Amino acid sequence: MKRRDFLLKAGVAGTVGAAAAGVGFPAIAKGAVEWRIQSTWRRNSPLLSTGPDLVADYVNKASGGRMKLKVYTAGEVVGPLEVFDAVADGTLHMGHGYPAFWSGKHPGFQFLAPLPFGMTSQEQNAWFAYGGGQKLIDELYGEFGLKFFPSGNTSVQGIWLNKDINAAADFKGMKIRTGALAGSVLQEFGAVPVQLPLGEVTQALQNGTIDGADYVGPFNDLAFGLPQVARNYYWPGWMEPNGVLDCFVNQSAWDKLDADLKQVLVGANALANQMVLSEFVAKNAQALQQIKKDYPKVNVTTFNAATLKDLKKVSNDVVAGVAKEHALAGRIYQSMTDFMAVVRPYSEITEMEYMNARAN
């Protein structure tokens, strides 16, 4: 049996196997629906833990006390990478994480994991709301008994490298902490993708276990000490033009909710989606200034045009190949491609041209 087929079947099976250990839906106490939501992030993780807290606070207040969410963080109920299955089997009602974590379960998750040279955060939000994206991703999560909400975004990222990159071929032999489609692209140039938890990246860069890292963004990168252990900070983040955070709800629990409480959850995630992105943009901008000021030896730079051109060509080939692995993955890819064909000229003549004009 192919590994991909095994993962698909195992993922589907995991959605039903442990239901007996889960909580009943909905859990009623003193007239209120009480749900548990766990994040994949540790408590007080910079910016990343904002979303679940915003969702819970909104629901607890906007529902007039009819619904109560209790937030748990990584490891408090299940391990961080077990949250997806715990929501699917009923151990938890809701989860909050990052679609890249689930990319081994279905090829479709790789298009949210994120997509190299894909949409910006704003474009992707438009695709979810007006380009058919929400319906398609609901179908993807639905295969595992889950309901999906976009619930935050890390915005575009840079990449830390302890080697100069003058051509795409310079990635050969480098061990880089990255994953999903970006890892597959770099592998085509001879790099070695390495999977590491966020908390282990700084030490790995310092001792030479890895040569580079696709991390989160300037604010988190600064907080975890990456400017102290890496000499180059390359932009733009071709490998991660946006990083959607996902909130997923057990479908059975969702179906049993009253219509008004469903709308409360919709509103809660819409708020989190916008506010988390805004917080990332504001604090990343401040942190980038601080990196330049406090770490003058760090070379904050950009990939040259030829390197980006080569990376884009290979990225397109890799992404198209993944789209052929599964019918739903192919439909997600086609929908994204069609939407980008429409939105890109608009983004270029508005946002891009305005940015260029403002810079001059």
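Residues are numbered from 1 along each chain as its sequence is written. Because the model is predicted, local features need pLDDT of at least 70 and side-chain atom pairs pLDDT 80 or more, while totals for chains, interfaces and linings use all residues, and side-chain values use heavy atoms, leaving out hydrogens and water.

Stop 1: Select residues 94-97, which form strand β4; strands here are DSSP runs of E with at least two residues, numbered from the N terminus. Are its faces buried or exposed? Met94 and His96 on one side, and Gly95 and Gly97 on the other, are all buried (under 20% relative accessible area with a 1.4 Å probe, protein chains only).

Look for Gln38 opposite Gly95. Then show β11, residues 244-250, joined to β4 by four antiparallel bridges; there Val249 is the bridge partner of Met94.

**Stop 2: an open sheet.** Six strands line up as β8-β7-β9-β6-β10-β12, with mixed pairing. Select 192-194 (β8) and 299-302 (β12): these edge strands each have a single partner, so one side of each is left without a neighbour in the sheet. Further in, β6 (159-161) and β10 (232-235) run antiparallel with three bridges, and Leu161 stands opposite Asn232.

**Stop 3: the lining of a cavity.** Finish by selecting Phe111, Pro114, Leu115, Met119, Gln124, Asn242 and Met336, which line the largest cavity (on a 1 Å grid over the protein atoms alone, points where a 1.4 Å probe fits but cannot get out; lining residues have an atom within 4 Å of a point).

Note on methods. Pairing = 2+ DSSP bridges. 1 Å grid on protein atoms, 1.4 Å probe; cavity = no way out; pocket = protein on both sides within 12 Å on 5 of 7 lines; lining within 4 Å. Buried < 20%, exposed > 50% of the residue type's maximum accessible area, 1.4 Å probe, protein only.
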